[in-house]
Amino acid sequence: MSFQATGLGLDEMKLGSRQLFLDQEEAEEAEDQQLLEPEAWRTYMGRRTALQEFLTTDLSPHLLKRHHARVQLLRKCSYYIEVLPKHLALGDQNPLVLPNTMFQLIDPWKFQRMKKVGTAQTKIQLLLLGDLLEQLDHGRAELDALLESPDPRPFLGGWGRVEQRLADLLAIMDNFLAMMVPGRLHVKHRLVSDVGTTKIPHIRLMLSTKMPVMFDRKESVAHQDWVSLSWFVTVPPPAPEPFELRFKLLDPRTQQECAQRGIIPVAACTFDIRNLLPSRSYKFTIKRAESYTLVYEPWRDSLTLQTKPGPPEGPAPCCTF
């Protein structure tokens, strides 16, 4: 009986503390309501509800977290120039020149200049994405702090600025979403010179992305004197891609050990590297092979593995009877 009475007393204390919290909350709300006329209070509550809805839908923490993850992914992508001929005018009987043929007609020096433009445009685009995302984070924190303000009068008095802030954040979000997709490169000069009387159509250059190459941490395994490596691309390409695999021994101790490194071209997503030293750490790096149309590749995946120990050195101990 004494145990039950003690438990009941604890429950009553919990209920009492919860009721006290609710009473305090209701008292604070009633105090705020006394600061305003009934009509002004209804206006305040309606605008507060609208702001809360904006922060839970258009600018929710979950949405911003997804955008952060997307920007981090874009910073690991590879960026390329894609050459596409413009559509010919209606009635033009000249055949459409294919992209592969266009590369044979493009001035190599002018194309290299456009690759530099593509690199600069990609870097600027990634920087702007980070800046816009930072503005969205700051704007949400600013509006969230406004909701936490205990005095409703500044909220009502500054509602015009709040509406302008909401409009600005929506515009920033639109710009952010539009910039998530690589855009068109603006060509100031013709890349294809006139060849005799043959009519060459104008071309357009687009920036395109490829998803990053990542090591498969579960399938990449180190053995005593060799490693088995595996990697993948999040969105597999339609055709097989060539890769460049690098490896090196960490902390070499002799001049001979410094030769434990190399660059290996691989045409698959798996490879075994043999003749390694036991009980040593190696760093491996994977990326796509160099391409003529590559303009920017800011990141490459790396993996460190330690080979397993070798057999014990020295003569085997003699058995005594």
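Biologist: How do the axes of helix α3 and helix α7 cross, and at what angle?
Modeller: This is a predicted model, to be clear. In it, the axes of α3 (residues 61-74) and α7 (residues 159-179) come within 12 Å and cross at roughly 35°. The crossing of α3 past α7 is left-handed.

Biologist: Which residues meet there?
Modeller: From α3 you have Leu63, His67 and Val71, and they meet Met173, Phe176 and Leu177 of α7. Sorted by class, that contact has 5 nonpolar residues, 1 polar and no charged ones.

Biologist: OK, zooming out. How many helices and strands does the chain have?
Modeller: The chain comes to 7 helices and 12 strands. It has 321 residues, and 32% of them count as buried.

Biologist: What about the largest nonpolar core, how many residues are in that?
Modeller: That core has 62 residues. The ones with the most contacts inside it are Ile81, Leu229, Trp231, Leu245, Ile273 and Phe284.

Biologist: Which helix gives the most to it?
Modeller: Helix α5, residues 108-147, with 9 residues in the core.

Biologist: Where does this core lie relative to the domains?
Modeller: Between domain 1 (40-179) and domain 2 (211-307), because both of them give residues to it. As a general point, nonpolar side chains in soluble globular proteins tend to be buried together.

Biologist: You mentioned Ile81. What is it in contact with?
Modeller: Leaving out neighbours within four places in sequence, Ile81 is in contact with Phe111, Met114 and Lys115, then Leu185, then Leu205, Met206 and Leu207, and finally Thr293 and Val295.

Biologist: Let's switch to Met211. Where does that sit?
Modeller: Met211 is in the loop between β3 (203-210) and β4 (213-215).

Biologist: Buried or exposed?
Modeller: Met211 is buried, because its relative accessible area is 14% and the cut-off for buried is under 20%.

Biologist: So what does Met211 touch?
Modeller: Setting aside residues up to four places away in sequence, Met211 touches Arg70, Leu73 and Cys77, plus Val233, Thr234, Val235 and Arg288. There's also a C-alpha separation of 9.9 Å between Met211 and Phe232, which are 21 residues apart along the chain.

Biologist: Now the loop between β7 and β8. Where in the chain are those two strands, and what about Glu257?
Modeller: β7 is 243-249 and β8 is 261-266, and Glu257 is in the loop between them. Glu257 counts as buried, at 14% relative accessibility. Beyond its neighbours within four places, Glu257 is in contact with Leu249, Pro252, Leu277 and Arg280.

Biologist: What about the next loop, between β10 and β11, where Ala289 is?
Modeller: β11 is 294-296, and Ala289 is in the loop between β10 and that strand. Ala289 counts as partly exposed at 23% relative accessibility.

Biologist: Which residues does Ala289 touch?
Modeller: Pro242, Phe243 and Glu244, not counting residues up to four places away in sequence. Ala289 and Pro242 are 47 residues apart in sequence, with 5.5 Å between their C-alpha atoms.

Biologist: Last one: where is Pro311?
Modeller: Pro311 is in the segment after β12 (301-306). At 59% relative accessibility, Pro311 counts as exposed. The C-alpha atoms of Pro311 and Gln224 are separated by 9.3 Å, and those two residues are 87 residues apart along the chain.

Key
Residues are numbered from 1 along each chain as its sequence is written. This is a predicted model: local features need pLDDT of at least 70, side-chain atom pairs count only at pLDDT 80 or more; totals for chains, interfaces and linings use all residues. Side-chain values use heavy atoms; hydrogens and water are left out. Helices (H or I, at least four residues) and strands (E, at least two) are DSSP runs, numbered from the N terminus. Buried means under 20% relative accessible area, exposed over 50%, partly exposed in between (1.4 Å probe, protein chains only). Contact means heavy atoms within 4.5 Å. Axes are lines fitted to C-alpha atoms, for helices over the stretch in contact, and angles run from 0 to 180 degrees between N-to-C directions. A crossing is left-handed if the near helix is turned anticlockwise from the far one by less than a right angle, and right-handed if clockwise. Ala, Val, Leu, Ile, Met, Phe, Trp, Tyr, Cys and Pro count as nonpolar, Asp, Glu, Lys and Arg as charged, and the others, Gly among them, as polar. A nonpolar core is a set of buried Ala, Val, Leu, Ile, Met, Phe, Trp, Tyr and Cys residues joined through side-chain atoms within 4.5 Å. Domain bounds come from an automatic or database domain assignment.
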